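Subject: Handing over the structure

Hello,

Please take over the structure shown here. My notes on it follow below.

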Amino acid sequence: MRILVVEDQAAQAEYTQKALREGGHAVDLARDGKEGLFLATTEQYDAIVLDRMLPAVDGLTLLRTLRASQITTPVLLLSALAESDDRVEGLRAGSDDYLTKPFSTAELLARLDAITRRAQPGPAAQTQWLQVGDLQLDRLARRARRGSVGIELQPREYQLLEFLMRHAGQVVTRTMLLEGVWDYHFDPGTNVIDVHISKLRAKIDGPDLPPLLHTVRGAGYRLGEA
């Protein structure tokens, strides 16, 4: 996806931008509300990550201006204000979701995934099947198969495969896997990811099949046809 981040705090902007790029997204960054409003009204984005407190034009004013201009791009509003009234005000201004600081990479990506799915018409948001090449995953039955051959998965292997398939073609970092599959927000200092990747690769990449699960040296893993 192409995402616009509007954030004036340098450290927070760098963190958000890095998290989104590691998630495989293209990111434009605006440092104040005026620049953010210009980009949001002149460029096409799949989603906007918008800080509430901004110089020049504040986040709520920017958001209300977009909605008044009939721009329906999904917006995730960020704020250090965590009171219920603050969240309600943000939602009423036109945001699709509200995320309080500090937040994890996994939650940021999950909430963006959710608001962009909701923006899709019809049944696309309720996709039962994920497919990469001849590898298929039935999310309702929680079953996988490659071609006509079923694949037995342990619960954690299923979670890992689903996460990789939802990010098919993208480089998935170890941090993303720790947060998105294990719900760890720290590095446990173990080889838990390597062990599960190895087991999953043995199940989906047979000796006579073209490999789908690739290691991207120094970066992470990618699921996709070569």
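Some wording first. Axes are lines fitted to C-alpha atoms, for helices over the stretch in contact, and angles run from 0 to 180 degrees between N-to-C directions. Helices (H or I, at least four residues) and strands (E, at least two) are DSSP runs, numbered from the N terminus.

This is a predicted model, in which local features need pLDDT of at least 70, side-chain atom pairs count only at pLDDT 80 or more, and totals for chains, interfaces and linings use all residues. Residues are numbered from 1 along each chain as its sequence is written, and side-chain values use heavy atoms, with hydrogens and water left out.

**Helix pairs**

Two packed helices are described by the angle between their axes and the distance between the axes.

Take α1 (residues 10-22) and α5 (residues 105-118). They pack at an angle of about 65°, and their axes are 10 Å apart. The two helices are therefore roughly perpendicular to each other. Angles under 35 degrees count as roughly parallel, over 145 as roughly antiparallel, 65 to 115 as roughly perpendicular and the rest as oblique. The crossing of α1 and α5 is right-handed. That term applies if the near helix is turned clockwise from the far one by less than a right angle; anticlockwise is left-handed. From α1, Tyr15, Thr16, Ala19 and Leu20 make the contact. From α5 come Thr105, Leu108, Leu109 and Leu112. Contact means heavy atoms within 4.5 Å. By class, this α1 contact with α5 has six nonpolar residues, two polar and no charged ones. Here Ala, Val, Leu, Ile, Met, Phe, Trp, Tyr, Cys and Pro count as nonpolar, Asp, Glu, Lys and Arg as charged, and the others, Gly among them, as polar.

Next, α2 (residues 33-42) and α3 (residues 59-68). Their packing angle is about 20°, with the axes 10 Å apart. That makes α2 roughly parallel to α3. The crossing of α2 past α3 is right-handed. Gly33, Gly36, Leu37, Ala40 and Thr41 in α2 meet Leu62, Thr65 and Leu66 in α3. The contact of α2 with α3 holds four nonpolar, four polar and no charged residues.

**The five-stranded sheet**

Five strands form an open sheet in the order β2-β1-β3-β4-β5, and the pairing is parallel. Two strands pair if DSSP finds at least two bridges between them. β2 (26-30) and β5 (97-100) stand at the edges with a single partner strand each, so one side of each has no neighbour in the sheet. From one strand to the next, the twist averages 20°. Strand β4 (residues 75-79) pairs with β5 over four bridges, in the parallel sense. Leucine 78 stands opposite leucine 99 in β5.

α3 lies across β1 (2-6), β3 (47-51) and β4, at about 150° to β3. α5 lies across β1, β3, β4 and β5, at about 175° to β5.

**The four-stranded sheet**

Another open sheet has four strands in the order β6-β7-β8-β9, with antiparallel pairing. Its edge strands, β6 (129-132) and β9 (149-151), each pair on one side only. Neighbouring strands are turned by 25° against each other on average, direction ignored. β6 and β7 (residues 135-138) pair over four bridges. Leucine 130 has leucine 137 in β7 as its bridge partner. Helix α6 (residues 155-166) packs on the sheet, touching β6, β7 and β8 (143-146), and its direction makes about 115° with that of β7.

Aspartate 134 lies in the loop between β6 and β7. At 32% relative accessibility, aspartate 134 counts as partly exposed. Buried means under 20% relative accessible area, exposed over 50%, and partly exposed in between (1.4 Å probe, protein chains only). Beyond its neighbours within four places in sequence, aspartate 134 is in contact with Arg145, Arg146, Gly147 and Leu212. Glycine 147 is 13 residues from aspartate 134 in sequence, yet 5.2 Å away in space, C-alpha to C-alpha.

**Backbone points**

Most residues other than glycine have a negative phi, and most peptide bonds are trans. Which residues does a cis peptide bond join? They are lysine 101 and proline 102, with omega of about -5°. Proline 102 sits in the loop between β5 and α5.

Glutamine 70, in the loop between α3 and β4, has a positive phi of about 65°. At 64% relative accessibility, glutamine 70 counts as exposed. Arginine 142, in the loop between β7 and β8, has a positive phi of about 55°. Arginine 142 counts as partly exposed, at 48% relative accessibility.

Best wishes
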